Amino acid sequence: MALRQTVRHITTEAGVTRRRTATRFTSVLNKGPSFDDFLRLSAEKASGETTAKTVEELAAERRKEVVRLPSWLKTEIPRGTNFSRIKEDLRGLNLHTVCEEARCPNIGECWGGSDKSAATATVMLMGDTCTRGCRFCSVKTNRTPGPLDPHEPENTAAAIAQWGLGYVVLTSVDRDDLSDGGSSHFAETVIKIKQKAPHILVECLTGDFMGNMDMVKVMARSGMDVYAHNIETVEELTPLVRDRRATFRQSIDVLDTAKKANPGLITKSSIMLGFGETDEQLEAALKDLRSVNVDVVTFGQYMRPTKRHMKVVEYVTPEKFEYWRQRALELGFLYCASGPLVRSSYKAGESFIENVLRKRVRDAASKDTVSEIHASAGAAGGI
């Protein structure tokens, strides 16, 4: 297949015009047959029921498919002075966020408004290449990504402190190529942020560290405020949705270990809907999370990144999301954000968690003050 190329002329800051050639390989690939199509053809061939369709015919059929998103999944283009200011800050501080990389639909809400200290963002650590290949995720994969940047913890902490946020989420790719899964690097970043800006609340969305619970404890005791680890889907669909090295029970153990290592932590997990899960399976997953005292859960709609990823089985209605929000609260979760556009790191949820955490600090300070007053009064009485 001949791929057409587009030649673009770019003028640099020095006024020099140069040519940049961009291929359409990616778009052509995404319009072609999916992995499921090849599996179906292989199965038909094995059973002797092979159709006469060629790969080109399959590609033509796929180009005819028109999948329209429901109205509730359409969002406005992000804009506003604060949004633009934060975007400029990111470029200047050399920070990379999942908000932009994953084209999150809530970026306008999380970065908008008039007060930058009220904004939230999710910063990606340890590179942009993952050692795992989950079928819902569009992050690049490689068995041996590049080495970690030893200066990243210090540089990230300095940039975040300068940025002036009130709440930041740190996440990373899985690094199964490292002996500790990158936990020490991750934890060092949290420690340095707290040293430079103790007022910033830090949420960490971590992987499972290959089931090494010692590494989970390192993270839980790093000084973070919220420990997040996503189960992603129900137990029955986990082998189909996630990388084979990520199991449902292992994720439950991660959340359990984190809470036991630091009981003061708020623990959090996220579930995507639309893979074909049943109500009974979701109910069981929620009860499993509560059995290890997970405080916060979020529900969002699975959106297929490209045609090479898992298909969306169902676009869940806003009414159904509201049902699961109510059910989660009935089961005892401290908070639940649930909606088609909700993602694991969601401003509305983070605002609630921030208020809870700051209230805890105020209550602790108030108790200390009362204790000091009583101690002073007792000493005075003794005199």
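Cys134 is buried, with a relative accessible area of 18%, which places this residue under the 20% limit for that class. The structure described here is a predicted model.

**Cys134 and its surroundings**

- Cys134 is located in the loop that runs between strand 4 (129-130) and strand 5 (140-141).
- Leaving aside residues up to four places away in sequence, Cys134 is in contact with Val241, Arg242 and Asp243.
- Cys134 and Thr238 are 104 residues apart along the chain, and their C-alpha atoms are separated by 9.8 Å.

- Ser183 belongs to helix 8, which comprises residues 183-196.
- The relative accessible area of Ser183 is 1%, and the residue is therefore buried.
- When residues up to four places away in sequence are not counted, Ser183 touches Phe209, Met215, Val218 and Met219.

**The cavity**

- One cavity of 30 Å³ or more is found when the whole structure is searched.
- The largest cavity holds about 60 Å³ of space.
- Its lining includes Ser172, Val173, Asp174, Arg175 and Asp176, and Phe209, a contact of Ser183, is also one of the lining residues.
- Sorted by class, the lining of the largest cavity consists of five nonpolar, four polar and three charged residues.

**Aromatic rings and nearby charges**

- Three aromatic pairs are found in a search of the whole structure.
- Phe299 lies in strand 10 (residues 296-301) and Trp324 in helix 13 (residues 318-330), so their pairing ties together parts that are 25 residues apart in sequence.
- Phe299 is buried, at a relative accessible area of 0%, and Trp324 also counts as buried, at 1% relative accessibility.
- Phe299, Tyr323 and Trp324 are linked into a cluster by ring pairs.
- The ring of Tyr323, a member of that cluster, has the charged end of Lys320 sitting over it, 5.0 Å from the ring centre.
- The charged end of Arg290 sits over the ring of Phe333, at 5.5 Å from the centre of that ring.

Methods: Residues are numbered from 1 along each chain as its sequence is written. This is a predicted model: local features need pLDDT of at least 70, side-chain atom pairs count only at pLDDT 80 or more; totals for chains, interfaces and linings use all residues. Side-chain values use heavy atoms; hydrogens and water are left out. Helices (H or I, at least four residues) and strands (E, at least two) are DSSP runs, numbered from the N terminus. Buried means under 20% relative accessible area, exposed over 50%, partly exposed in between (1.4 Å probe, protein chains only). Contact means heavy atoms within 4.5 Å. On a 1 Å grid over the protein atoms alone, a cavity is a set of points where a 1.4 Å probe fits but cannot get out, and a pocket is an open set with protein on both sides within 12 Å along at least five of seven lines; lining residues have an atom within 4 Å of a point. Grid points are joined across faces, edges and corners, and a volume is the space filled by probe spheres set on the points. Ala, Val, Leu, Ile, Met, Phe, Trp, Tyr, Cys and Pro count as nonpolar, Asp, Glu, Lys and Arg as charged, and the others, Gly among them, as polar. Rings of Phe, Tyr and Trp (its six-membered ring) pair if their centres lie within 6.5 Å; planes under 30 degrees apart count as stacked, over 60 as edge-to-face and the rest as tilted. A charge sits over a ring if NZ of Lys or CZ of Arg is within 6 Å of the ring centre and within 35 degrees of the ring normal.
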